[in-house]
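This note sets out points for a colleague who is meeting the structure for the first time. Please read them beside the sequence and the coordinates.

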Amino acid sequence: FGVKTYIIGNGTKIIDQYPKEGISLTVKDYVILVTNDNNKKIPNFVGLSINEAKTLLAYLDLSYEIDGNGYVKEQSISVDTVITDDLVIKLVCEDYYIKK
């Protein structure tokens, strides 16, 4: 179908999702699935729009700073780093994301 999917945690059950049931999706949309695992890890934010990144950050309950507008081109914390309460990620954005 082409919809991007982000899975938060490595649990055995899905306990929450975005968007909620009944919402229509297009191929440009994305789905967030939250599992019952408490060991959340940093995903790859590069290429996401600011709005997509903010939604994912909210589901991760992660503190953040955003520099710029548009799409994420850099992130300050490596993918798969375990999220802790004191972690703050900085996302650097630009108007257009060009895949390298």
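1. Helices (H or I, at least four residues) and strands (E, at least two) are taken as DSSP runs and numbered from the N terminus. The model is predicted: local features need pLDDT of at least 70 and side-chain atom pairs count only at pLDDT 80 or more, while totals for chains, interfaces and linings use all residues. Residues are numbered from 1 along each chain as its sequence is written, and side-chain values use heavy atoms, with hydrogens and water left out.

2. Glu52 lies in helix H1, which covers residues 50–60. Glu52 has a relative accessible area of 11% and is therefore buried (under 20% relative accessible area, with exposed over 50% and partly exposed in between, for a 1.4 Å probe and protein chains only). Apart from neighbours within four places in sequence, Glu52 is in contact with Lys4, Lys28 and Tyr30, contact being heavy atoms within 4.5 Å.

3. The buried residues of H1 are Ile50, Glu52, Ala53, Thr55, Leu56, Leu57 and Leu60. They pack against strands S1 (4–8), S2 (14–18), S3 (30–35), S4 (63–67), S5 (71–75) and S6 (88–94). Just after H1, Asp61 has a positive phi of about 55 degrees.

4. Three strands form an open sheet in the order S4-S6-S5, with mixed pairing; two strands pair if DSSP finds at least two bridges between them. S4 and S5 are at the edges with a single partner strand each, so one side of each has no neighbour in the sheet. On average, neighbouring strands of this sheet are turned by 35 degrees against each other, direction ignored (axes are lines fitted to C-alpha atoms, for helices over the stretch in contact, and angles run from 0 to 180 degrees between N-to-C directions).

5. S5 and S6 run antiparallel and are joined by four bridges. Val72 stands opposite Cys93 in S6.

6. The largest pocket has a volume of about 200 Å³. A pocket is an open set of points on a 1 Å grid over the protein atoms alone, where a 1.4 Å probe fits, with protein on both sides within 12 Å along at least five of seven lines; lining residues have an atom within 4 Å of a point. The volume is the space filled by probe spheres set on the points, which are joined across faces, edges and corners. Of the 13 lining residues, Ile7, Ile8, Gly9, Lys41 and Asp80 are the closest to the centre of this pocket. S1 gives the largest share of the lining, three residues.
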